[in-house]
Each structure stands twice: as structure tokens, then as C-alpha cells.
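Dear colleague,

Please find below the structure that I am handing over to you.

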Amino acid sequence: MDNRQLVKGHCVPCEGGVEPMKKEEAKTYLSLLKKSWKISADLKSISLRFEFKNFLEAIDFVNKVAPIAEEQGHHPDIYIYYNKVDITLTTHAIKGLSVNDFLVAAKVELL
């Protein structure tokens with residue numbers, strides 16, 4: 001798999017019953033992303049901070065992330081701090097990382 005496949009991929013609903021990614025698999029998927037996403041120490045999420053010129057640009061970015069999340073049925077946690085936006089992705093149903101997290105991250109990177 002490469003970055004283009006992540007961007008073109010579509011999230012598959014996860015209702016649980018699936019194991020979260022192990023460290024090596026998560027690192028492999030992380031290497032496919034173009035930006036410096038970080039894996040949490042507990043391997044349960046990936047996150048990235050985006051910075052903008054001002055609050056309105058930050059809000060505009062969030063408004064572009066929302067349709068991606070809805071289309072994919074996979075919703076990030078989003079925190080806004082004036083001109084900074086933190087995006088955190090996890091698969092809540094399995095309490096860890098899945099391919100869905102990396103698919104949405106790749107799509108968000110295109111914004």
C-alpha cells in the first residue's frame with residue numbers, strides 16, 4: 001500500500017471484535033503519510049497539529065475536515081486553539097488504531 005491508495009481508500013465500519021494495530025503495523029502506515037503525525041505512547045491514536053495565520057483560517061480548515069469525516073463515517077477529535085487545530089484519530093470501537101485512522105489522515109493532508 002502507498003499514500004495514493006490511502007487517499008483513494010474508503011473507511012470500513014468497525015463495530016469491534018477486531019484487534020487494534022500493533023506497533024510495527026502502525027509504524028508502517030504512519031510512514032505512508034506525508035506529514036509528521038505522531039502515534040500516542042499507548043498506540044491508541046495518531047495526531048497532528050495544523051497552524052494557520054488566524055482563527056478564521058483555522059475554522060475554515062475544520063469546516064473542510066468535517067465533510068471528509070462524514071463521508072468516511074470516521075470522525076476525529078478536533079481541538080481549536082485560536083490559529084492552531086489539533087486533529088486526533090482513533091478507532092473508538094477497538095480502543096486503538098485501525099486502517100481507517102490512516103485513511104482519514106491521508107485525506108486530511110490533502111487540504
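D86 counts as buried, at 15% relative accessibility; here buried means under 20% relative accessible area, exposed over 50%, and partly exposed in between (1.4 Å probe, protein chains only). This is a predicted model, in which local features need pLDDT of at least 70 and side-chain atom pairs count only at pLDDT 80 or more, while totals for chains, interfaces and linings use all residues. Residues are numbered from 1 along each chain as its sequence is written, and side-chain values use heavy atoms, with hydrogens and water left out.

The side chain of D86 meets that of R49 in a salt bridge (2.6 Å, N to O). Because D86 lies in strand β4 and R49 in strand β2, this pair ties together parts that are 37 residues apart in sequence. R49 is partly exposed, with a relative accessible area of 43%. The term salt bridge stands for a side-chain nitrogen of Lys or Arg within 4 Å of a carboxyl oxygen of Asp or Glu. Helices (H or I, at least four residues) and strands (E, at least two) are DSSP runs, numbered from the N terminus.

Strand β4 (residues 84-89) also holds T88, which counts as buried at 17% relative accessibility. Leaving aside residues up to four places away in sequence, T88 touches S45, I46, S47, P76 and D77, where contact means heavy atoms within 4.5 Å.

How many salt bridges does the structure hold? There are four. Another of them joins K64 and D60, with 3.3 Å from N to O. These two residues are four apart in helix α3, so about one helical turn separates them. K64 is partly exposed, with a relative accessible area of 43%, and D60 is partly exposed at 39%. K22 and E19 form a further salt bridge, their closest N and O atoms being 3.9 Å apart. K22 is exposed, with a relative accessible area of 54%, and E19 is exposed at 61%.

In α3, the residues A58, F61, V62, V65, I68, A69 and Q72 are buried. They cover an arc of only 120 degrees around the axis, which puts them on the same side of α3; the arc is that of the directions from the helix axis to the C-beta atoms. What covers these buried residues includes β2 (46-51), β3 (77-81), β4 and α4 (99-109). The face turned away from the buried side carries the exposed residues L56, N63, E70 and E71.

Yours sincerely
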